[in-house]
Amino acid sequence: MTTSKTIPETGFAARRATASAVRSRRAGRILRRIPVWILIAVLLIVVLYPQFWMVMGSFKTQTEFLSNPTWSLPQYWDFNNYIQALTTGNVAVNYRNSILVTVPSVMLILILGVAAGYALEVMVWRGRNPVLLLILGGIMVPGQMILVPLFTFYFKIGITDSLWPMIITYTVDGLPLTTFLMAAYFRSVPREVFEAATMDGSGPLRSFFNIGIPLMRNAILTVALVEFFSIWNDLLVALTFTTDPSLATIQVGLLSLNDQYGSTQYGPLFAAVSINIVALLIVFIFLNKRIMSGLAAGSLKG
Amino acid sequence: MKRVFGDRKTIIILLAPTLIIYVLLKIVPVMWSLGLSFFEGNTLSGFSFVGFANFGKFFTDPIAIQSLWVSIIFAILATGGQIILGYLLALLYVFVLRKGSAFVRTAVFFPMVLPTVAVALLFRNLVSVGQNQGPINDIINFFGGKSVEFLASNVGTMTVALLMTYWSSMGFYAVLLYTGLLDIPEEVIESARLDGANGVKLIRHIIVPLSLPILISSIIFSFNSTLKVFDSLLALNNGGPGTSTTPLTLYMYQTAFNYSDYGYASTIALMLTILCLLFTLAIFRSSSRKAES
């Protein structure tokens, strides 16, 4: 085990050691560090190289794919594949749909979920615990359970040829977790904060807008990121309610792009996947701390 | 004070929209789906009551049983792998890299935010054979092996699906478990070390028991998400070859939307829900028994 070897000795022996012993010990520590560095290098190559390989592939021409070794770098920085993916492959339409679905869904989830969290945690009334439990139960039920009834319902009210079925379904799917997380965040705020506001003559609804929401700014951003990624990356709901290719989100688009090009046209496929990698990487570079803690909190409390 | 925070009007304004949407579009559909599992047919052809026939059909339908096993085996292997890899990474972050682990932690986490469909397409190409052979088979060739057509067999497809799951989610579980390990007080580890516990012994007797709660919640979370595996197996090989890697979720989807059998699809969805509940309960019970002893 490398763990035990690299733990520095802090016992009495170290204190009694002579200067030369300290020096050889330091050399020994560097030597013992080598396996750790190799391990880290392998880990990073395994994680990063496939992504790098995909992005490099997006610049290759079809001939380069077929005749050059897969390890080779592209000969030119050729954006042709991107142009082809965005125009003929409908990837641009897919992105527009993904944005048109994800942004309203996340907004709706936040507006409804933050308000419900406040009503369930800050407000005091009989029956709030059963209601919270009822909502918690919703997190446990797989999305598959409601797909068929919802599909029938949307069909009956005649909205299946729009993006609304996806927006509504994502909102319903995201609400329980958001309400639950927001209730938990409101619980961590000392009650005195809201009580003091009441002393100053603020009604509970005004306290919600003037104190509750500003206090929850960070929590709201965290929950927004959790919901953004789960909706942006979803395939099941999107596939179910894509009744027409013009409604396809980016995930459905990628799936059909694979069927369409499959083993014939690698460039546009690599480009379409690379747009995903690069776009999310940019988001991740700026918000990685919040994304990591948010996704972790979302799973542990859920 | 109580009266102010018990104001009916405020509660209704803030809670009613969520509650109405939740009841109408979640609870009612769940009940509806439960009811549908006793019927056969779809909206266009009409429904006929068949009692428990759908449940009987489920247990005699070879594809249903096969997809049940695909889901269970995938969930067990995926959970086992990603928890073990995540835990090892978390130990690496806490005890070896310590303060310097931020970059590695972030880099290994990143694939988690990539869409599963994109990751599946990436792995399809990594393991591809033929004219445009991917790097994995190049490595196999380099060590003198013959190219392997992973996606031509069910074992190969499952292997690739599991590897891509580990690849994309081990960093996430590492961060999850890392936060748990950070909560262990420094003094506890230090005093155990003074008592002569080191290496594997220290991990087995001190660190694992102390991080057990977060380990259990991670396992439950992992089972609940991997039992619902859908995107990866669909995008990787369309549940094939044939139907040999079709999970329950995909079979349910196909039954409902390709074969328009809403009743039977609802039965499959119900089975999936029961499966998730059973696994959660089983882990809870075994962990509480362990905590007692």
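A salt bridge is taken here as a side-chain nitrogen of Lys or Arg within 4 Å of a carboxyl oxygen of Asp or Glu. The structure is a predicted model, in which local features need pLDDT of at least 70 and side-chain atom pairs count only at pLDDT 80 or more, while totals for chains, interfaces and linings use all residues; side-chain values use heavy atoms, with hydrogens and water left out. Residues are numbered from 1 along each chain as its sequence is written, and chains are lettered from A and ligands numbered from 1 in the order in which they are written.

Over all chains, the search of the whole structure finds five salt bridges. One of these joins the side chains of Glu121(A) and Arg187(A), with an N to O distance of 3.1 Å. This pair links distant parts of the chain, since Glu121(A) lies in helix α6 of chain A and Arg187(A) in helix α9 of chain A, 66 residues apart. Helices (H or I, at least four residues) and strands (E, at least two) are DSSP runs, numbered from the N terminus. Glu121(A) is buried at a relative accessible area of 14%, whereas Arg187(A) is partly exposed at 48%. Here, buried means under 20% relative accessible area, exposed means over 50%, and partly exposed lies in between (1.4 Å probe, protein chains only).

A salt bridge also forms between Lys26(B) and Asp173(A), whose closest N and O atoms are 3.8 Å apart. This pair crosses between chains, from helix α2 of chain B, which holds Lys26(B), to helix α9 of chain A, which holds Asp173(A). Lys26(B) is buried, with a relative accessible area of 4%, and Asp173(A) is partly exposed, with 29%.

Within helix α10 (residues 191–199) of chain A, Arg191(A) and Glu195(A) are four residues apart, about one turn of the helix. Their side chains meet in a salt bridge of 3.6 Å, N to O. Arg191(A) counts as partly exposed at 31% relative accessibility, and Glu195(A) is partly exposed at 24%.

Two packed helices are described by the angle between their axes and the distance between the axes. Axes are lines fitted to C-alpha atoms, for helices over the stretch in contact, and angles run from 0 to 180 degrees between N-to-C directions. In chain A, helix α6 (residues 91–121) packs with helix α12 (residues 217–232) at about 140 degrees, their axes being 9 Å apart. α6(A) is therefore oblique to α12(A), given that angles under 35 degrees count as roughly parallel, over 145 as roughly antiparallel, 65 to 115 as roughly perpendicular and the rest as oblique. The crossing of α6(A) past α12(A) is right-handed. A crossing is left-handed if the near helix is turned anticlockwise from the far one by less than a right angle, and right-handed if clockwise.

Helix α7 (residues 128–140) and helix α9 (residues 164–187) of chain A have axes that come within 8 Å and cross at roughly 130 degrees. α7(A) is accordingly oblique to α9(A), and α7(A) passes α9(A) in a left-handed crossing.

A nonpolar surface patch of about 600 Å² is made by Phe153(A), Ile157(A), Ile20(B), Val23(B), Leu24(B), Val28(B) and Trp32(B). Patches are made of residues with over 30% relative accessible area and no salt bridge, with like charges joined within 9 Å and nonpolar side chains (Val, Leu, Ile, Met, Phe, Trp, Tyr) within 5 Å. Accessible areas come from the Shrake-Rupley method with a 1.4 Å probe, and for residues only the protein chains shown count as cover. The elements giving two or more residues to the patch are α8 (144–157) of chain A and α2 (8–36) of chain B. The largest share, five residues, comes from α2(B). Phe153(A) is placed in helix α8 of chain A and counts as partly exposed at 34% relative accessibility.
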